[in-house]
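Load the model and keep the sequence beside it. We will go from the overall build to single residues.

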Amino acid sequence: MSAIHIENLVKTYGAVRALDGLSLDVEAGSIFGFLGPNGAGKTTTIRILTGLAHASGGRATVAGVEIGHNGALARRIGYLPEEPAFYGWMSAQEFLEYIGQLFGLGAATRRKHAEELLKKVGLWDVRKRRIRGFSRGMRQRLGIAQALVNQPEVLFLDEPASALDPAGRRDVLELIAGLRGQCTVFMSTHILADVERVCDTVGIIHKGRMVRVARQEELTSAYALPVFRVEVTANGGPSLTEWVERIRQQPLIEQAQVDGNAVRIRVRDVENARGWLLHALAESGLAVERFEAVKPSLEEVFLNLVNEEAGS
Amino acid sequence: MNLFWAAFSKELREQWRTYRLLVTVSVLSLFGLLSPLLAYFTPQILGAVPGAEAIGELIPPPTVMDAIGQYIKNLSQFAILFAILLPMGAVSNEKERGTAALVLSKPLPRGAFLMAKAAAFGLVFALSLLIAGLAGYYYTGLLFEYPRFDLWLAMNGLIWLYAMVYVGLTLLFSTLSRSQALAAGLSFAVLLGLGVASISEKVAVYLPAQLINWGGMLFIQPEASYWGSLWISAAMLAGSLLAAWLIFRRQEL
(Lines give C-alpha, C1' and ligand atoms only; values in the text may rest on other atoms or scores of the structure.)
Protein backbone atom coordinates (compact mmCIF):
# COMPACT_ATOMS: atom_id res chain seq x y z
CA MET A 1 0.00 0.00 0.00
CA SER A 2 1.16 3.53 -0.78
CA ALA A 3 2.01 5.73 2.17
CA ILE A 4 1.09 8.73 0.04
CA HIS A 5 -1.39 8.62 -2.80
CA ILE A 6 -2.05 11.74 -4.85
CA GLU A 7 -4.53 11.96 -7.72
CA ASN A 8 -4.74 14.95 -10.02
CA LEU A 9 -3.92 17.49 -7.35
CA VAL A 10 -4.55 21.03 -8.47
CA LYS A 11 -3.75 24.25 -6.66
CA THR A 12 -4.43 27.64 -8.15
CA TYR A 13 -3.58 31.09 -6.83
CA GLY A 14 -5.67 33.36 -9.01
CA ALA A 15 -4.51 32.75 -12.55
CA VAL A 16 -1.41 30.84 -11.44
CA ARG A 17 -1.58 27.03 -11.40
CA ALA A 18 0.93 26.09 -8.72
CA LEU A 19 -0.05 22.41 -9.03
CA ASP A 20 -1.36 21.23 -12.34
CA GLY A 21 -2.85 17.75 -11.97
CA LEU A 22 -0.12 16.24 -9.83
CA SER A 23 -0.37 12.48 -9.36
CA LEU A 24 1.99 10.39 -7.31
CA ASP A 25 2.33 7.25 -5.20
CA VAL A 26 4.99 6.91 -2.55
CA GLU A 27 5.86 3.46 -1.31
CA ALA A 28 5.61 2.90 2.43
CA GLY A 29 8.96 2.83 4.22
CA SER A 30 10.88 4.56 1.45
CA ILE A 31 12.83 7.79 1.54
CA PHE A 32 11.30 9.75 -1.30
CA GLY A 33 13.15 12.67 -2.81
CA PHE A 34 10.77 15.28 -4.17
CA LEU A 35 12.96 17.13 -6.56
CA GLY A 36 12.28 20.28 -8.48
CA PRO A 37 13.57 23.75 -9.24
CA ASN A 38 12.48 26.68 -7.09
CA GLY A 39 8.81 27.48 -7.65
CA ALA A 40 8.02 24.03 -9.06
CA GLY A 41 5.29 23.39 -6.45
CA LYS A 42 7.20 21.34 -3.85
CA THR A 43 6.27 23.39 -0.78
CA THR A 44 2.68 23.82 -1.99
CA THR A 45 2.35 20.04 -2.30
CA ILE A 46 3.70 19.50 1.21
CA ARG A 47 1.45 22.19 2.69
CA ILE A 48 -1.58 20.54 1.10
CA LEU A 49 -0.55 17.07 2.21
CA THR A 50 -0.03 18.24 5.79
CA GLY A 51 -3.44 19.96 5.91
CA LEU A 52 -2.04 23.50 6.07
CA ALA A 53 -3.38 24.51 2.65
CA HIS A 54 -6.40 23.46 0.62
CA ALA A 55 -6.29 21.82 -2.77
CA SER A 56 -8.28 23.47 -5.56
CA GLY A 57 -8.92 20.05 -7.08
CA GLY A 58 -7.99 16.39 -6.95
CA ARG A 59 -7.59 14.19 -3.91
CA ALA A 60 -4.89 12.67 -1.80
CA THR A 61 -4.43 10.32 1.12
CA VAL A 62 -1.54 10.18 3.54
CA ALA A 63 -1.14 7.03 5.64
CA GLY A 64 -4.62 6.05 4.47
CA VAL A 65 -6.24 9.27 5.70
CA GLU A 66 -7.87 11.85 3.40
CA ILE A 67 -5.96 15.12 3.51
CA GLY A 68 -7.37 18.19 5.27
CA HIS A 69 -6.89 19.81 8.65
CA ASN A 70 -7.95 16.95 10.86
CA GLY A 71 -6.59 15.25 13.93
CA ALA A 72 -6.50 11.80 12.31
CA LEU A 73 -4.06 13.00 9.66
CA ALA A 74 -2.02 15.10 12.07
CA ARG A 75 -1.53 12.13 14.40
CA ARG A 76 0.06 10.08 11.63
CA ILE A 77 2.45 12.62 10.19
CA GLY A 78 5.48 14.64 11.14
CA TYR A 79 6.29 17.92 9.41
CA LEU A 80 9.41 20.01 9.21
CA PRO A 81 8.86 23.32 7.38
CA GLU A 82 11.63 24.85 5.30
CA GLU A 83 12.42 27.36 8.02
CA PRO A 84 11.09 25.90 11.24
CA ALA A 85 9.95 28.53 13.74
CA PHE A 86 9.74 27.99 17.47
CA TYR A 87 8.74 29.86 20.59
CA GLY A 88 12.05 31.54 21.40
CA TRP A 89 11.25 31.79 25.10
CA MET A 90 10.97 28.01 25.44
CA SER A 91 13.88 25.64 25.94
CA ALA A 92 14.41 22.79 23.46
CA GLN A 93 13.16 20.21 25.95
CA GLU A 94 10.16 22.32 26.88
CA PHE A 95 9.21 22.71 23.22
CA LEU A 96 9.41 18.98 22.52
CA GLU A 97 7.34 18.27 25.62
CA TYR A 98 4.76 20.81 24.49
CA ILE A 99 4.55 19.11 21.10
CA GLY A 100 4.16 15.78 22.93
CA GLN A 101 1.30 17.33 24.88
CA LEU A 102 -0.38 18.28 21.59
CA PHE A 103 -0.26 14.61 20.64
CA GLY A 104 -1.96 13.73 23.92
CA LEU A 105 1.09 12.00 25.41
CA GLY A 106 1.19 11.65 29.19
CA ALA A 107 3.77 13.64 31.19
CA ALA A 108 6.19 10.71 31.69
CA THR A 109 5.95 9.55 28.07
CA ARG A 110 6.48 12.97 26.58
CA ARG A 111 9.47 13.62 28.81
CA LYS A 112 10.97 10.28 27.80
CA HIS A 113 10.33 10.95 24.09
CA ALA A 114 11.77 14.44 24.37
CA GLU A 115 14.93 13.19 26.08
CA GLU A 116 15.43 10.40 23.54
CA LEU A 117 14.98 12.79 20.64
CA LEU A 118 17.28 15.41 22.11
CA LYS A 119 20.00 12.78 22.33
CA LYS A 120 19.25 11.52 18.84
CA VAL A 121 19.56 14.96 17.23
CA GLY A 122 22.56 15.98 19.32
CA LEU A 123 20.88 18.71 21.37
CA TRP A 124 21.09 17.03 24.75
CA ASP A 125 23.71 19.41 26.09
CA VAL A 126 21.66 22.48 25.18
CA ARG A 127 18.26 21.06 26.11
CA LYS A 128 17.67 23.72 28.77
CA ARG A 129 18.88 26.64 26.72
CA ARG A 130 16.30 29.00 25.25
CA ILE A 131 15.65 28.34 21.56
CA ARG A 132 16.08 32.07 20.86
CA GLY A 133 19.85 31.57 21.06
CA PHE A 134 20.00 28.53 18.76
CA SER A 135 21.96 28.54 15.52
CA ARG A 136 20.34 27.63 12.19
CA GLY A 137 21.70 24.09 12.36
CA MET A 138 20.45 23.59 15.91
CA ARG A 139 17.01 24.84 14.91
CA GLN A 140 16.93 22.43 12.00
CA ARG A 141 17.84 19.54 14.27
CA LEU A 142 15.20 20.60 16.76
CA GLY A 143 12.79 20.81 13.83
CA ILE A 144 13.51 17.20 12.94
CA ALA A 145 13.10 16.18 16.58
CA GLN A 146 9.69 17.86 16.88
CA ALA A 147 8.58 16.13 13.68
CA LEU A 148 9.42 12.77 15.24
CA VAL A 149 7.72 13.24 18.62
CA ASN A 150 4.68 11.17 17.63
CA GLN A 151 6.73 8.50 15.82
CA PRO A 152 4.97 9.40 12.56
CA GLU A 153 4.09 6.99 9.79
CA VAL A 154 4.92 9.63 7.21
CA LEU A 155 7.47 12.37 7.72
CA PHE A 156 7.39 15.49 5.52
CA LEU A 157 10.63 17.42 5.29
CA ASP A 158 10.63 20.62 3.27
CA GLU A 159 14.15 21.45 2.11
CA PRO A 160 15.64 20.05 5.32
CA ALA A 161 19.27 20.80 4.52
CA SER A 162 19.17 23.62 1.99
CA ALA A 163 20.20 26.42 4.30
CA LEU A 164 22.84 24.54 6.27
CA ASP A 165 26.61 24.57 6.10
CA PRO A 166 28.36 21.38 4.92
CA ALA A 167 28.75 19.94 8.42
CA GLY A 168 25.13 20.73 9.29
CA ARG A 169 23.96 19.19 6.02
CA ARG A 170 25.92 16.03 6.67
CA ASP A 171 24.42 15.70 10.17
CA VAL A 172 20.87 16.30 8.98
CA LEU A 173 21.21 13.89 6.05
CA GLU A 174 22.65 11.23 8.35
CA LEU A 175 19.68 11.72 10.64
CA ILE A 176 17.30 11.30 7.71
CA ALA A 177 19.13 8.24 6.43
CA GLY A 178 18.84 6.78 9.93
CA LEU A 179 15.05 6.90 9.61
CA ARG A 180 15.07 4.38 6.76
CA GLY A 181 12.64 1.61 7.58
CA GLN A 182 11.16 3.46 10.57
CA CYS A 183 8.79 5.64 8.58
CA THR A 184 8.13 6.93 5.08
CA VAL A 185 10.13 10.08 4.46
CA PHE A 186 8.91 12.59 1.89
CA MET A 187 11.71 15.05 1.42
CA SER A 188 11.54 18.02 -0.90
CA THR A 189 14.73 19.58 -2.11
CA HIS A 190 16.38 21.26 -5.02
CA ILE A 191 19.80 19.94 -4.02
CA LEU A 192 20.49 16.86 -6.11
CA ALA A 193 23.46 15.74 -4.05
CA ASP A 194 21.18 15.37 -1.01
CA VAL A 195 18.79 13.17 -2.93
CA GLU A 196 21.62 11.04 -4.31
CA ARG A 197 22.88 10.59 -0.79
CA VAL A 198 19.75 9.45 1.04
CA CYS A 199 16.76 8.84 -1.23
CA ASP A 200 15.60 5.48 -2.62
CA THR A 201 13.01 6.91 -4.95
CA VAL A 202 12.95 10.21 -6.76
CA GLY A 203 10.04 12.22 -8.09
CA ILE A 204 10.78 15.15 -10.32
CA ILE A 205 8.27 17.98 -10.34
CA HIS A 206 8.32 20.84 -12.79
CA LYS A 207 5.73 23.60 -13.14
CA GLY A 208 3.31 21.76 -10.86
CA ARG A 209 3.42 18.45 -12.71
CA MET A 210 5.23 15.19 -12.03
CA VAL A 211 7.75 14.70 -14.77
CA ARG A 212 9.10 11.35 -13.65
CA VAL A 213 8.99 9.03 -10.65
CA ALA A 214 11.45 6.16 -10.38
CA ARG A 215 13.95 4.50 -8.12
CA GLN A 216 17.18 6.45 -8.23
CA GLU A 217 19.19 3.69 -9.94
CA GLU A 218 16.41 3.11 -12.51
CA LEU A 219 16.42 6.76 -13.32
CA THR A 220 20.15 6.97 -13.85
CA SER A 221 20.10 3.71 -15.87
CA ALA A 222 17.26 4.92 -18.02
CA TYR A 223 19.26 7.98 -18.87
CA ALA A 224 22.56 6.11 -19.07
CA LEU A 225 25.04 7.68 -21.41
CA PRO A 226 26.46 5.52 -24.25
CA VAL A 227 29.91 6.04 -22.81
CA PHE A 228 32.50 3.67 -21.33
CA ARG A 229 35.63 4.59 -19.47
CA VAL A 230 38.74 2.45 -19.45
CA GLU A 231 41.67 3.04 -17.14
CA VAL A 232 44.96 1.21 -17.60
CA THR A 233 48.18 0.93 -15.62
CA ALA A 234 51.26 2.34 -17.22
CA ASN A 235 53.58 -0.70 -17.04
CA GLY A 236 55.67 -0.45 -20.20
CA GLY A 237 53.27 -2.72 -22.08
CA PRO A 238 51.35 -1.91 -25.26
CA SER A 239 50.47 1.71 -25.86
CA LEU A 240 46.96 2.87 -24.98
CA THR A 241 47.10 5.48 -27.76
CA GLU A 242 47.83 2.87 -30.39
CA TRP A 243 44.97 0.71 -29.18
CA VAL A 244 42.63 3.66 -29.28
CA GLU A 245 43.70 4.46 -32.84
CA ARG A 246 42.83 0.88 -33.83
CA ILE A 247 39.37 0.81 -32.23
CA ARG A 248 38.42 4.17 -33.72
CA GLN A 249 38.11 2.38 -37.07
CA GLN A 250 35.28 0.20 -35.74
CA PRO A 251 31.71 1.16 -36.72
CA LEU A 252 30.53 0.60 -33.11
CA ILE A 253 32.79 3.34 -31.82
CA GLU A 254 31.62 6.89 -32.28
CA GLN A 255 34.38 8.70 -30.48
CA ALA A 256 37.35 7.86 -28.23
CA GLN A 257 39.31 10.38 -26.23
CA VAL A 258 42.52 9.61 -24.38
CA ASP A 259 43.22 11.40 -21.15
CA GLY A 260 46.47 10.23 -19.57
CA ASN A 261 46.06 6.58 -18.59
CA ALA A 262 42.34 6.61 -19.29
CA VAL A 263 40.14 6.68 -22.34
CA ARG A 264 36.52 7.77 -22.65
CA ILE A 265 34.76 5.89 -25.42
CA ARG A 266 31.37 6.96 -26.81
CA VAL A 267 29.66 4.06 -28.59
CA ARG A 268 26.70 3.62 -30.97
CA ASP A 269 25.16 0.46 -29.51
CA VAL A 270 25.76 0.12 -25.78
CA GLU A 271 24.96 -3.61 -25.38
CA ASN A 272 27.01 -4.84 -28.36
CA ALA A 273 29.78 -2.37 -27.68
CA ARG A 274 30.20 -3.57 -24.10
CA GLY A 275 30.98 -7.18 -25.16
CA TRP A 276 33.12 -6.06 -28.07
CA LEU A 277 35.17 -3.66 -25.96
CA LEU A 278 35.81 -6.23 -23.23
CA HIS A 279 36.98 -8.70 -25.88
CA ALA A 280 39.18 -6.08 -27.56
CA LEU A 281 40.73 -5.12 -24.23
CA ALA A 282 41.48 -8.77 -23.38
CA GLU A 283 43.25 -9.17 -26.72
CA SER A 284 45.14 -5.86 -26.46
CA GLY A 285 47.45 -6.92 -23.67
CA LEU A 286 46.78 -3.64 -21.82
CA ALA A 287 46.87 -3.85 -18.02
CA VAL A 288 43.28 -2.79 -17.40
CA GLU A 289 42.66 -1.28 -14.00
CA ARG A 290 39.06 -0.20 -14.47
CA PHE A 291 36.31 -0.64 -17.05
CA GLU A 292 32.98 1.08 -16.40
CA ALA A 293 29.85 2.32 -18.07
CA VAL A 294 29.66 6.02 -17.31
CA LYS A 295 26.50 6.73 -15.34
CA PRO A 296 24.89 10.12 -15.57
CA SER A 297 24.65 12.09 -12.36
CA LEU A 298 21.20 12.79 -11.03
CA GLU A 299 21.87 16.38 -11.97
CA GLU A 300 22.26 15.43 -15.64
CA VAL A 301 19.08 13.34 -15.51
CA PHE A 302 17.21 16.14 -13.80
CA LEU A 303 18.31 18.75 -16.30
CA ASN A 304 17.48 16.40 -19.18
CA LEU A 305 13.98 15.78 -17.86
CA VAL A 306 13.28 19.40 -17.07
CA ASN A 307 14.55 20.48 -20.49
CA GLU A 308 12.46 17.78 -22.21
CA GLU A 309 9.40 18.98 -20.27
CA ALA A 310 10.09 22.58 -21.16
CA GLY A 311 10.44 21.63 -24.80
CA SER A 312 7.24 19.58 -24.97
CA MET B 1 -10.34 19.56 25.99
CA ASN B 2 -6.86 18.27 26.86
CA LEU B 3 -5.52 20.02 23.79
CA PHE B 4 -7.18 23.26 24.86
CA TRP B 5 -5.49 22.97 28.26
CA ALA B 6 -2.15 22.24 26.62
CA ALA B 7 -2.46 25.36 24.47
CA PHE B 8 -3.88 27.42 27.36
CA SER B 9 -1.04 26.51 29.71
CA LYS B 10 1.47 27.38 26.96
CA GLU B 11 -0.21 30.77 26.48
CA LEU B 12 -0.08 31.47 30.21
CA ARG B 13 3.58 30.48 30.37
CA GLU B 14 4.22 32.77 27.41
CA GLN B 15 2.49 35.68 29.16
CA TRP B 16 4.64 35.04 32.21
CA ARG B 17 7.97 34.39 30.51
CA THR B 18 7.71 37.31 28.12
CA TYR B 19 6.88 39.61 31.09
CA ARG B 20 3.52 40.62 29.59
CA LEU B 21 1.66 39.39 32.64
CA LEU B 22 4.05 41.21 34.97
CA VAL B 23 3.83 44.48 33.04
CA THR B 24 0.02 44.36 32.80
CA VAL B 25 -0.41 43.51 36.49
CA SER B 26 2.14 46.15 37.52
CA VAL B 27 0.71 49.00 35.44
CA LEU B 28 -2.93 48.31 36.29
CA SER B 29 -2.09 47.76 39.98
CA LEU B 30 -0.08 50.95 40.08
CA PHE B 31 -3.00 52.94 38.74
CA GLY B 32 -5.41 51.06 40.99
CA LEU B 33 -3.32 52.11 43.93
CA LEU B 34 -2.58 55.63 42.75
CA SER B 35 -6.19 56.53 41.92
CA PRO B 36 -7.44 57.04 45.51
CA LEU B 37 -4.13 58.65 46.44
CA LEU B 38 -4.42 61.14 43.59
CA ALA B 39 -8.02 61.89 44.49
CA TYR B 40 -7.06 62.47 48.10
CA PHE B 41 -3.91 64.50 47.59
CA THR B 42 -4.76 66.52 44.46
CA PRO B 43 -6.12 69.57 46.40
CA GLN B 44 -3.09 69.46 48.70
CA ILE B 45 -0.69 69.13 45.77
CA LEU B 46 -2.30 72.07 43.98
CA GLY B 47 -2.36 74.05 47.20
CA ALA B 48 1.35 73.49 47.63
CA VAL B 49 2.18 74.93 44.20
CA PRO B 50 3.50 78.48 44.72
CA GLY B 51 1.01 80.96 43.32
CA ALA B 52 -1.74 78.36 42.97
CA GLU B 53 -2.77 78.17 46.62
CA ALA B 54 -6.15 79.68 45.74
CA ILE B 55 -6.92 76.89 43.31
CA GLY B 56 -6.30 74.33 46.06
CA GLU B 57 -8.78 76.15 48.25
CA LEU B 58 -11.40 76.26 45.47
CA ILE B 59 -11.39 72.49 45.03
CA PRO B 60 -13.97 70.94 47.33
CA PRO B 61 -12.71 68.33 49.77
CA PRO B 62 -12.40 65.00 47.93
CA THR B 63 -14.90 62.24 48.64
CA VAL B 64 -15.00 58.53 48.15
CA MET B 65 -16.82 59.16 44.83
CA ASP B 66 -13.80 61.09 43.55
CA ALA B 67 -11.59 58.14 44.36
CA ILE B 68 -13.94 55.74 42.59
CA GLY B 69 -14.20 58.08 39.60
CA GLN B 70 -10.44 58.39 39.39
CA TYR B 71 -10.06 54.61 39.63
CA ILE B 72 -12.57 53.76 36.93
CA LYS B 73 -11.20 56.42 34.57
CA ASN B 74 -7.57 55.31 34.93
CA LEU B 75 -8.23 51.58 34.88
CA SER B 76 -10.57 51.63 31.88
CA GLN B 77 -8.09 53.69 29.83
CA PHE B 78 -5.12 51.48 30.59
CA ALA B 79 -7.13 48.27 30.31
CA ILE B 80 -8.20 49.27 26.79
CA LEU B 81 -4.65 50.14 25.83
CA PHE B 82 -3.39 46.74 27.02
CA ALA B 83 -6.43 44.97 25.52
CA ILE B 84 -5.28 46.17 22.11
CA LEU B 85 -1.51 46.02 22.54
CA LEU B 86 -1.29 42.54 24.06
CA PRO B 87 -3.28 40.52 21.51
CA MET B 88 -2.42 42.53 18.40
CA GLY B 89 0.28 40.07 17.33
CA ALA B 90 -1.14 36.98 18.99
CA VAL B 91 -2.22 35.33 15.74
CA SER B 92 -0.62 37.49 13.05
CA ASN B 93 2.88 37.07 14.51
CA GLU B 94 2.47 33.32 14.79
CA LYS B 95 1.32 33.16 11.17
CA GLU B 96 4.13 35.42 10.01
CA ARG B 97 6.89 33.62 11.91
CA GLY B 98 5.62 30.16 11.05
CA THR B 99 4.96 28.87 14.57
CA ALA B 100 1.23 28.61 13.75
CA ALA B 101 1.97 26.33 10.79
CA LEU B 102 4.25 24.20 12.92
CA VAL B 103 1.89 23.64 15.84
CA LEU B 104 -1.24 23.43 13.70
CA SER B 105 0.27 20.59 11.69
CA LYS B 106 -0.15 18.70 15.00
CA PRO B 107 -3.56 17.57 16.24
CA LEU B 108 -4.29 20.97 17.83
CA PRO B 109 -7.65 22.24 16.51
CA ARG B 110 -7.59 25.81 15.28
CA GLY B 111 -10.48 26.67 17.57
CA ALA B 112 -8.50 25.51 20.61
CA PHE B 113 -5.48 27.53 19.39
CA LEU B 114 -7.59 30.71 19.27
CA MET B 115 -9.68 30.11 22.38
CA ALA B 116 -6.58 29.34 24.44
CA LYS B 117 -5.25 32.77 23.54
CA ALA B 118 -8.54 34.49 24.36
CA ALA B 119 -8.82 32.62 27.66
CA ALA B 120 -5.23 33.46 28.60
CA PHE B 121 -5.81 37.17 27.94
CA GLY B 122 -9.04 36.91 29.92
CA LEU B 123 -7.14 35.49 32.85
CA VAL B 124 -4.35 38.08 32.58
CA PHE B 125 -6.91 40.90 32.74
CA ALA B 126 -8.89 39.21 35.50
CA LEU B 127 -5.77 38.78 37.61
CA SER B 128 -4.55 42.32 36.88
CA LEU B 129 -7.93 43.84 37.74
CA LEU B 130 -8.18 41.70 40.87
CA ILE B 131 -4.85 42.96 42.19
CA ALA B 132 -5.51 46.53 41.02
CA GLY B 133 -9.00 46.33 42.51
CA LEU B 134 -7.80 45.09 45.89
CA ALA B 135 -5.10 47.76 46.01
CA GLY B 136 -7.56 50.46 45.01
CA TYR B 137 -10.18 49.21 47.47
CA TYR B 138 -7.71 49.15 50.35
CA TYR B 139 -6.42 52.67 49.76
CA THR B 140 -9.90 54.06 49.08
CA GLY B 141 -11.02 52.65 52.44
CA LEU B 142 -7.88 53.90 54.17
CA LEU B 143 -8.13 57.45 52.85
CA PHE B 144 -11.91 57.83 52.60
CA GLU B 145 -14.33 55.06 53.51
CA TYR B 146 -14.71 51.52 52.30
CA PRO B 147 -17.22 51.31 49.43
CA ARG B 148 -19.56 48.32 49.20
CA PHE B 149 -17.34 45.40 48.25
CA ASP B 150 -19.92 43.67 46.03
CA LEU B 151 -20.34 46.87 44.00
CA TRP B 152 -16.57 47.31 43.81
CA LEU B 153 -16.29 43.75 42.48
CA ALA B 154 -19.10 44.35 39.97
CA MET B 155 -17.41 47.56 38.78
CA ASN B 156 -14.17 45.67 38.13
CA GLY B 157 -16.15 42.95 36.36
CA LEU B 158 -17.59 45.59 34.03
CA ILE B 159 -14.11 46.99 33.30
CA TRP B 160 -12.97 43.42 32.57
CA LEU B 161 -15.80 42.85 30.08
CA TYR B 162 -15.10 46.20 28.45
CA ALA B 163 -11.44 45.26 27.99
CA MET B 164 -12.38 41.78 26.74
CA VAL B 165 -14.52 43.28 23.95
CA TYR B 166 -11.34 44.83 22.57
CA VAL B 167 -9.33 41.67 23.21
CA GLY B 168 -11.87 39.80 21.08
CA LEU B 169 -11.85 42.42 18.34
CA THR B 170 -8.05 42.63 18.27
CA LEU B 171 -7.79 38.82 18.08
CA LEU B 172 -10.21 38.91 15.14
CA PHE B 173 -8.15 41.58 13.37
CA SER B 174 -4.94 39.73 14.20
CA THR B 175 -6.45 36.63 12.57
CA LEU B 176 -7.53 38.59 9.52
CA SER B 177 -4.19 40.26 8.89
CA ARG B 178 -0.56 39.24 8.88
CA SER B 179 0.46 42.52 10.49
CA GLN B 180 0.13 43.32 14.16
CA ALA B 181 0.20 47.03 13.42
CA LEU B 182 -2.82 46.64 11.15
CA ALA B 183 -4.64 44.60 13.80
CA ALA B 184 -4.01 47.29 16.42
CA GLY B 185 -4.95 50.03 13.94
CA LEU B 186 -8.28 48.39 13.17
CA SER B 187 -9.05 47.99 16.88
CA PHE B 188 -8.27 51.65 17.54
CA ALA B 189 -10.46 52.54 14.57
CA VAL B 190 -13.37 50.59 16.12
CA LEU B 191 -12.70 52.31 19.45
CA LEU B 192 -12.79 55.68 17.71
CA GLY B 193 -15.84 54.74 15.64
CA LEU B 194 -17.78 53.65 18.72
CA GLY B 195 -16.70 56.86 20.44
CA VAL B 196 -18.19 58.86 17.59
CA ALA B 197 -21.36 56.74 17.63
CA SER B 198 -21.78 57.36 21.35
CA ILE B 199 -22.45 61.05 20.63
CA SER B 200 -26.05 59.93 20.29
CA GLU B 201 -27.26 59.16 23.81
CA LYS B 202 -29.82 56.66 22.49
CA VAL B 203 -27.02 54.65 20.89
CA ALA B 204 -24.48 55.20 23.66
CA VAL B 205 -26.43 53.23 26.26
CA TYR B 206 -26.00 50.11 24.13
CA LEU B 207 -22.28 50.48 23.47
CA PRO B 208 -19.45 48.82 25.43
CA ALA B 209 -18.25 52.16 26.82
CA GLN B 210 -21.54 52.38 28.75
CA LEU B 211 -20.18 49.57 30.95
CA ILE B 212 -17.69 52.06 32.35
CA ASN B 213 -20.42 54.60 33.06
CA TRP B 214 -22.46 51.84 34.66
CA GLY B 215 -19.48 50.94 36.86
CA GLY B 216 -19.38 54.51 38.18
CA MET B 217 -23.15 54.71 38.54
CA LEU B 218 -23.23 51.62 40.75
CA PHE B 219 -22.18 53.74 43.73
CA ILE B 220 -24.55 56.61 43.02
CA GLN B 221 -27.64 54.82 41.75
CA PRO B 222 -27.25 51.12 42.44
CA GLU B 223 -30.64 50.48 40.87
CA ALA B 224 -29.54 51.90 37.49
CA SER B 225 -28.72 49.21 34.97
CA TYR B 226 -27.52 49.04 31.39
CA TRP B 227 -28.14 45.43 30.49
CA GLY B 228 -28.37 46.30 26.80
CA SER B 229 -24.76 47.46 26.87
CA LEU B 230 -23.71 44.36 28.78
CA TRP B 231 -25.41 41.95 26.37
CA ILE B 232 -24.12 43.79 23.33
CA SER B 233 -20.60 43.75 24.74
CA ALA B 234 -20.85 40.03 25.48
CA ALA B 235 -22.22 39.46 21.98
CA MET B 236 -19.39 41.53 20.46
CA LEU B 237 -16.85 39.45 22.34
CA ALA B 238 -18.47 36.13 21.39
CA GLY B 239 -19.10 37.31 17.82
CA SER B 240 -15.48 38.43 17.37
CA LEU B 241 -14.13 35.11 18.60
CA LEU B 242 -16.61 33.15 16.48
CA ALA B 243 -15.73 35.19 13.39
CA ALA B 244 -12.01 34.75 14.13
CA TRP B 245 -12.50 30.98 14.34
CA LEU B 246 -14.59 30.80 11.16
CA ILE B 247 -11.95 32.76 9.27
CA PHE B 248 -8.98 31.00 10.81
CA ARG B 249 -10.25 27.48 10.08
CA ARG B 250 -10.30 28.31 6.34
CA GLN B 251 -6.99 30.14 6.28
CA GLU B 252 -3.93 28.62 4.68
CA LEU B 253 -0.78 28.66 6.76
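Chain A has 11 helices and 14 strands. Helices (H or I, at least four residues) and strands (E, at least two) are DSSP runs, numbered from the N terminus. This is a predicted model: local features need pLDDT of at least 70, side-chain atom pairs count only at pLDDT 80 or more, and totals for chains, interfaces and linings use all residues. Residues are numbered from 1 along each chain as its sequence is written, while chains are lettered from A and ligands numbered from 1 in the order in which they are written.

Start with the outline of chain A. Its C-alpha atoms fill a box of roughly 75 × 50 × 30 Å along the principal axes. The radius of gyration of chain A is 25 Å, whereas a compact globule of 312 residues would have one near 20 Å. That radius is taken over C-alpha atoms, and the globule rule is 2.2 Å times the number of residues to the power 0.38. Of the 312 residues of chain A, 40% count as buried. A residue is buried if 20 or more other C-beta atoms lie within 10 Å of its own, exposed if 12 or fewer, and partly exposed in between, with C-beta atoms placed from the backbone.

Now find the sheet. Six strands of chain A form an open sheet with mixed pairing, in the order S6-S7-S8-S3-S9-S10. Strands pair if DSSP finds at least two bridges between them. The edges are S6 (77–80) and S10 (209–215) of chain A, each pairing on one side only. Neighbouring strands are turned by 15 degrees against each other on average, direction ignored. S3 (residues 31–35) and S8 (residues 184–189) of chain A pair in the parallel sense over five bridges. Phe34(A) stands opposite Ser188(A) in S8(A).

Helix H1 (residues 42–49) of chain A packs on this sheet, touching S3, S7 (154–158), S8 and S9 (201–206) of chain A. Contact means C-beta atoms, placed from the backbone, within 7 Å. The direction of H1(A) makes about 145 degrees with that of S7(A). Axes are lines fitted to C-alpha atoms, for helices over the stretch in contact, and angles run from 0 to 180 degrees between N-to-C directions. Why is H1(A) largely enclosed by the rest of the structure? Seven of its eight residues are buried. Among them are Lys42(A), Arg47(A) and Leu49(A). Gly51(A) follows H1(A), with a positive phi near 85 degrees.

Turn to the nonpolar cores. Such a core is a set of buried Ala, Val, Leu, Ile, Met, Phe, Trp, Tyr and Cys residues joined through C-beta atoms within 7 Å. The largest has 153 residues, and Ala79(B), Ile159(B) and Ala163(B) have the most contacts inside it. Helix H8 (residues 149–176) of chain B gives the most to this core, with 16 residues. Beyond its neighbours within four places in sequence, Ala163(B) is in contact with Ala79(B), Ile80(B), Ala83(B) and Phe125(B).

Ser92(B) lies in helix H5 (residues 92–97) of chain B. Ser92(B) counts as buried because 24 other C-beta atoms lie within 10 Å. Leaving out residues up to four places away in sequence, Ser92(B) touches several residues, including Ser174(B), Arg178(B) and Ala183(B). Ser92(B) and Ala183(B) are 91 residues apart along the chain, yet their C-alpha atoms are separated by 8.2 Å.

Last, the contact between the chains. Chain B supplies 21 residues and chain A 23 residues. On the chain B side, H1(B) gives the most, with six residues.

Note on methods
Two residues are in contact if their C-beta atoms, placed from the backbone, lie within 7 Å.
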